[in-house]
Amino acid sequence: MYSTGSSSSIAAAVGDFNNDRRLDMAVVSNDTNIIAILYGYDKGFSSKSTYSTGRFPQSVAVGDFNNDTRLDVVVTNYYDNTVSVLLAYADGSFQNQMTFSTGANPYGVTVGDFNNDIILDIVVTNHGDHTVSILLGYGNGSFENHRTFATGISPQSVAVDDFNNDTILDVVVTNYGEHTVSVLLGYGNGSFNNKLKFSTGFFPQSVAVADFNNDTRVDIVVANYRNYFVSVLLGYGNGSFQKQIVSFTQSQPYALAIGDFNNDALLDIVVTNFDDMNTVNILLGYGNGSFEDPMTFPTGSFPYAVIVDDFNNDTQVDIVVVNNHDDTVSLLLGYGNGSFENQMTFSTNSGPSSLAVGDFNYDTKLDIIVTNSVSNEVCILLYDNSGAVKKEIALASGGGSRLSSVAVVDINNDDLLDIVVANYATDNVGVILGYGNGTFKSQMMYTVGLNSHPKSMAIADFNNDTQLDIVVTNLNTKNVELFLGNDNGMFSLQKSYEIHSNFTPFVVVAGDFDNNGRSEIVVAYDNTENVDIFVTYDIGFFTNTTTYPTGSQPQSIVVDDFNNDTILDIIVCNNNDNTISILLGYGNGSFKDQMMFSKGFYPQSVAVGDFNNDTNLDLVVINGFNGSVSLLLGYGNGLFDNQIIFFIGSYSQSVAVGDFNKDTRVDIVVTNRNENNIGILLGYGNGSFKD
């Protein structure tokens, strides 16, 4: 549940107001006269679990070491001269560690197939004896005794790729003690040629490999801890490299990772600055081995290691950093333009020193594993994209306006979402244009008549000019008002339509029921058992009203294609007899006689979505007085299964649907009038929901 700050939240609409690719909500409350904007966000990492390693674990890598299709873990134990291998169980947990000997003070680690037997092997840098260890895998989770190969002084970080285009994996390591990198060309049998050395800056700490100048040859990038720059060594494709190209950072670069952060198909670099600046730098690539000046984003205290991937499934590259001095990880979600959201932080155990990424619990979400060098363990942080909302801003609708309905739409064709509200007490319609960053212009108000009391709105193009128009029902004057839109987001009153009835027009919905390119409207009335269809005539006038029977007191209406014939149909929620009516369309503006389906008590509101991923539209209906929603799964022929009931709040008033946690499954949000909150049901995609 999420608070709205009101005791009478009566309607909600859904849209992405700040262009962060997550659904937000606009909730109207008629007691506070405000529109509450609740922004969607990802929860990030949760459910931490820990596993013992050796002493002072420094680096971690993941791979399937026993060919069971599960990701296993390898960790270097600096003071034990070993690596720990933790094999995965099917439930996402890990076995107790197995240890294998290395050289002196193992530091960096990565994996690859170094002897071409289709089985993963391990390579480790040994800081204390200036070597790398190769541990060839048996494919069952165990490894041969390590073999060592000489490097430069105090090797730190390691990466692998094919540097000489012979289809055999090679190795590059940073030599922290002599300001070089060593390249060891592989023979394909688990052994390597004598090292080649290439100069870097002072105290090279971290290394990564990629093609930075788009010549199809593998290049090297190094973070130089004492030089305030990174070195790029462009590859010749024969195992040798050009002299370094220097790109400056803003502080002491320690770890780095590579990704395309601005979607220009050119590789960029993220660098951690291991000092009290507590930042990462983003260096956007030019595609020639050089980079733009750094951009800076805050992290936790003394960021030590970094990885990149898409953690929230929005196709944009994100960043995760371990912060060594405050025992946290920072998640920076990418916008796809080279900038990032403010960090979210999550606790680890003591002394986080490195991390790796993988889906460890097989839920299609990327998780991370972090080494904790002080507490001698690794911890798994599972990603939780269940979604959440937070109240950020409240927009005033005008003194005493008593908001009655809300819609979210791009009303002025600028590709930015706007908000339209009906102000019941002040007799006007408010249009609030969005800037696309979560903020809005001042409300423009359009009068609908003295003491008219607008209740419901429909927004569509009624005169076929590609501009959206607004139709409003007025409770007190019992009429329908039409406002025609122009190309700058302004509106003019076109016509008022008197309802020749003693009943009050309660709700209006638009749809092109006769497939002529102009929208018609369907209107339901208070205390009746019918709806009226108003057909659009030429330039935005309505004519030829047709009446269709429904159940008692139609309360809410939706239109969509419920029998998969590409023709719009109508669903009506009948409050007094606890039913819904479906009127199947013929495509010429007329409809079949209603079919009725029983549901819960006093249905208030109805919404449409495919909740079980069968490509057929389903219904969710609010039951006004017992705190529940009814789900009716559609068969795709205009018929529905028996209702399934879910309890969610007290006196729920309005319902909307959307994918709030970006898992491609449809979720439900309701306003709970008596509890001052909204409730969200996250969908599993099979017609059931998580509370």
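**Salt bridges and their surroundings**

Modeller: The structure holds three salt bridges. A salt bridge here is a side-chain nitrogen of Lys or Arg within 4 Å of a carboxyl oxygen of Asp or Glu. Side chains of opposite charge can pair when their charged atoms come close. This is a predicted model, where local features need pLDDT of at least 70, side-chain atom pairs count only at pLDDT 80 or more, and totals for chains, interfaces and linings use all residues. Residues are numbered from 1 along each chain as its sequence is written, and side-chain values use heavy atoms, leaving out hydrogens and water.

Start with Arg 55 and Asp 80. Their closest N and O atoms are 2.6 Å apart. Arg 55 sits in the loop between β5 (44-52) and β6 (57-63), and Asp 80 in the loop between β7 (72-77) and β8 (82-86), so this pair ties together parts 25 residues apart in sequence. Strands (E, at least two residues) and helices (H or I, at least four) are DSSP runs, numbered from the N terminus. Arg 55 is partly exposed, at 45% relative accessible area. Asp 80 is partly exposed too, at 30%. The scale is this: buried is under 20% relative accessible area, exposed is over 50%, and partly exposed lies in between (1.4 Å probe, protein chains only).

Next come Lys 197 and Glu 178. Their side chains meet in a salt bridge, with 2.6 Å from N to O. This pair links distant parts of the chain, 19 residues apart. Lys 197 belongs to strand β17 (residues 196-199), while Glu 178 is in the loop between β15 (170-175) and β16 (180-184). Lys 197 is partly exposed, with a relative accessible area of 42%.

The remaining pair is Asp 68 with Arg 70. The N to O distance there is 3.5 Å. Arg 70 is partly exposed, at 27%.

Now the chain around these pairs. Its secondary structure comes to 57 strands and zero helices. Of the 691 residues, 64% count as buried. The chain exposes about 24900 Å², and carbon and sulfur atoms supply 47% of that. Such areas come from the Shrake-Rupley method with a 1.4 Å probe, and for residues only the protein chains shown count as cover.

Beyond four places in sequence, Leu 331 touches residues including Phe 45, Val 320, Met 344, Phe 346 and Tyr 383.

Gln 156 is a polar contrast at another site. Gln 156 is in strand β14 (residues 155-161) and is buried, at 4%. Among its contacts beyond four places in sequence are Tyr 107, His 127, Tyr 176 and Gln 205.

Tyr 228 lies in the loop between β19 (219-224) and β20 (229-233), and is partly exposed at 38%.

Two loop residues other than glycine have positive phi. His 453 has phi near 60°. It lies between β37 (444-447) and β38 (454-460) and is buried, at 18%. Asn 564 has phi near 55°. Its loop runs between β46 (554-560) and β47 (569-574), and Asn 564 is partly exposed at 46%.

Last, confidence. pLDDT is the predictor's confidence in each residue, from 0 to 100. The chain's mean is 87, and 89% of its residues reach 70 or more. Over residues 1-10 the value is below 50, although this stretch has 54 contacts in the model beyond near neighbours in sequence. Where pLDDT is low, the predicted coordinates should not be read in detail.

Terms used:
Contact = heavy atoms within 4.5 Å.
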